[in-house]
Amino acid sequence: EKEQYLFLPENEWFCSKVVVTTPEGDVILFPCYRWLSRGEIVELRGGKADNSQSTCLYNTFRMIVCVSSCLTIRWIVYAEGVPHINNTTEVSALPSEVKFSFSKMSEFIYTKAAAIAELKLKCLVNSTEQWKDLEMMKTVFWKNRTPISEYVSEHWKEDDFFGSQFLNGTNPNVIQRCTTLPPNFPVTDKMVQPFLKDGSSLATEMKEGNIFLCDYKRLEGVPTRVVNGKPLPLTAALCLFYKNPEDKLLPIAIQLEQQPSQQNPIFLPSDSEHDWLLAKIFVRNADFSEFQISYHLLGTHLLAEAFTMATFRSLPIMHPLHKLLIPHFRYTLQINLLARKRLISPDGPLANGAMGLKGLKELLKRAQSEITYSSLCLPENIVARGLESIPNFYYREDGLKLWNIINSFVKGMVEHFYSSDSEVSRDSELQDWIHEIFIHGFLGNGKSGIPKRFDKVEEVVKFITMIIFTVSAQHCALNMGQFDYGGWVPNNPLLLRKAPPTTKGSSSMNTILEVLPNISTTVNNMASTWLLSKRYSDTIPLGTYPDQHFDEAVPMQMIKQFQAELSYLSRSIIKRNAILTLPYNYLNPAEMENSVSI
């Protein structure tokens with residue numbers, strides 16, 4: 001218990017751990033890692049993880065810990081059909097242990113303020129004018145540039161770069177191998193034969209596994225914001241790709257709406273330069289919308305919040321899975337609360353994109369209804385989309401290696417604490433935990449394949465692997481390239497101002513400038529992506545555990561082995577990237593945050 005010192009005002013103290021040496025010479029670790037306030041009694045258990053629930057006294061202590069967490073961390077419905085969230089609406093109401101550090105919060109505020117200050121000095125933040133030419137955009141953010149964002153601004157019009165982004169850009173989640181054209185995408189041999197190798201056909205190339213598709217059908221009918229009396233466009237586009245003999249992934253046909261008609265032509269690389277470029281811009285806008293809402297916000301942030309909430313509420317601090325998982329939930333509750341207050345609030349940049357808050361929640365609901373367990377497990381996801389052999393797919397290459405390293409680590413840890421399937425079945429806290437995730441994270445959707453309970457050790461291993469991969473690797477892959485690929489806004493536009501073309505041959509560069517966001521929307525979007533992509537000084541990389549939750553020799557050795565394998569993978573990625581024109585570093589463990597914290 002922390003006592004008041006003389007008459008000084010109250011201030012919280014942070015206790016990392018207490019180490020006790022017994023008269024017999026045994027050293028016992030009591031992890032704490034929490035803030036202490038005057039008058040609050042904090043009870044600690046020894047550092048050895050325990051899931052036995054063996055004694056009445058021990059069970060009473062565990063129950064008190066979980067009940068206390070349930071009272072301070074409570075579920076609330078965010079929107080119909082969307083994972084439930086923490087009911088806290090102000091950062092000050094969050095438990096101190098889950099808040100940003102002082103350095104993190106200060107740096108977070110400074111980064112945003114510095115970005116906005118630079119834009120204000122350029123008198124751009126509130127400008128509703130249209131860009132007069134694309135070169136003007138290059139004068140924005142003269143300090144805040146990256147080698148990749150510079151490359152994007154120079155090469156964004158090129159077809160091979162356009163195609164490469166669907167594998168190694170911010171959203172490698174949509175593209176899949178195409179073996180049969182959708183009936184609503186009537187691409188013919190005559191249309192695309194000029195872009196295939198000599199003498200080939202669409203059917204032949206599909207059979208050989210060289211045709212790929214991005215279909216944004218989930219966007220069809222999503223309500224958009226009304227501006228100047230007209231709804232903003234959001235196209236449910238279809239884009240067909242061809243992997244040519246040089247292993248380049250090239251777009252060969254684009255249809256901007258789901259239902260084919262004379263007013264919905266199929267655009268081709270042989271069309272006029274501006275027609276083709278405009279069609280690709282609409283595809284990039286569709287991809288941005290799916291990426292930010294379905295895969296980034298829902299697939300990492302909201303799921304991470306559900307995992308975090310369930311862990312605090314159901315697994316007491318001495319439970320081995322609490323100890324294993326808690327480093328991967330650092331800052332998650334606060335960053336999500338801030339996101340709801342600043343990014344997806346009625347005045348936030350995402351809610352002021354194409355969809356608005358109503359459309360955003362509708363897309364979240366649609367995406368949530370389609371989430372499956374296998375889609376969250378990268379090895380199964382890659383096979384389901386037919387992407388096992390497509391070349392130059394660094395997200396797949398690095399991601400599968402990471403998945404296997406994480407899985408091996410989790411397998412060793414889980415099997416150390418659960419020696420049999422019966423121990424898994426009997427662990428009531430574990431069963432409460434997965435039930436909370438199933439009900440609140442996946443809304444009790446049995447069709448998703450998410451388990452309701454665990455009966456086997458291997459089931460626990462797979463689920464924990466998925467969680468750690470999602471909150472570290474998957475989030476990093478989607479988040480950290482946002483400025484690289486979206487800092488040049490024509491490549492990843494938050495919104496488009498005019499409807500897609502209904503005929504060919506009528507587009508010009510002025511048409512493109514009229515379609516792209518105005519100056520204010522552009523520069524504010526650039527500032528947001530810079531803030532969200534920044535690596536902060538108190539980042540804790542994957543596999544780094546500065547807080548000592550485990551005290552046993554075997555888990556400590558497993559952590560060392562985990563770190564060694566991650567270090568080896570990091571070195572191999574650096575070596576590979578050294579020879580790439582466009583390096584892929586988003587799944588480099590040394591650069592990857594342990595948790596969803598930005």
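The side chains of arginine 330 and glutamate 593 meet in a salt bridge, with 3.5 Å from N to O; a salt bridge here is a side-chain nitrogen of Lys or Arg within 4 Å of a carboxyl oxygen of Asp or Glu. Arginine 330 lies in the loop between α8 (320–325) and α9, and glutamate 593 in the segment after α20 (553–577), so this pair ties together parts that are 263 residues apart in sequence. Glutamate 593 counts as buried because its relative accessibility is 14%. Buried means under 20% relative accessible area, exposed over 50%, and partly exposed in between, with a 1.4 Å probe and protein chains only. Helices (H or I, at least four residues) and strands (E, at least two) are DSSP runs, numbered from the N terminus.

The structure is a predicted model, in which local features need pLDDT of at least 70 and side-chain atom pairs count only at pLDDT 80 or more, while totals for chains, interfaces and linings use all residues. Residues are numbered from 1 along each chain as its sequence is written, and side-chain values use heavy atoms, with hydrogens and water left out.

Across the whole structure, a search finds 25 salt bridges. One of them joins lysine 341 and glutamate 90, whose closest N and O atoms are 3.3 Å apart. Lysine 341 belongs to helix α9 and glutamate 90 to the loop between β4 (85–86) and α2 (102–121), so parts 251 residues apart in sequence are tied together. Lysine 341 is partly exposed, at 39% relative accessibility, and glutamate 90 is partly exposed as well, at 41%.

Another salt bridge pairs glutamate 436 with arginine 313, the closest N and O atoms being 3.0 Å apart. This pair links distant parts of the chain, with glutamate 436 in helix α15 (residues 428–441) and arginine 313 in helix α7, 123 residues apart. Both glutamate 436 and arginine 313 are buried. A network of salt bridges links Arg396, Glu397, Asp398 and Arg576.

Now to a pair of helices. Helix α7 (residues 273–314) packs against helix α9 (residues 332–343) at an angle of about 135 degrees, with the axes 9 Å apart. Axes are lines fitted to C-alpha atoms, for helices over the stretch in contact, and angles run from 0 to 180 degrees between N-to-C directions. The angle makes α7 oblique to α9, because angles under 35 degrees count as roughly parallel, over 145 as roughly antiparallel, 65 to 115 as roughly perpendicular and the rest as oblique.
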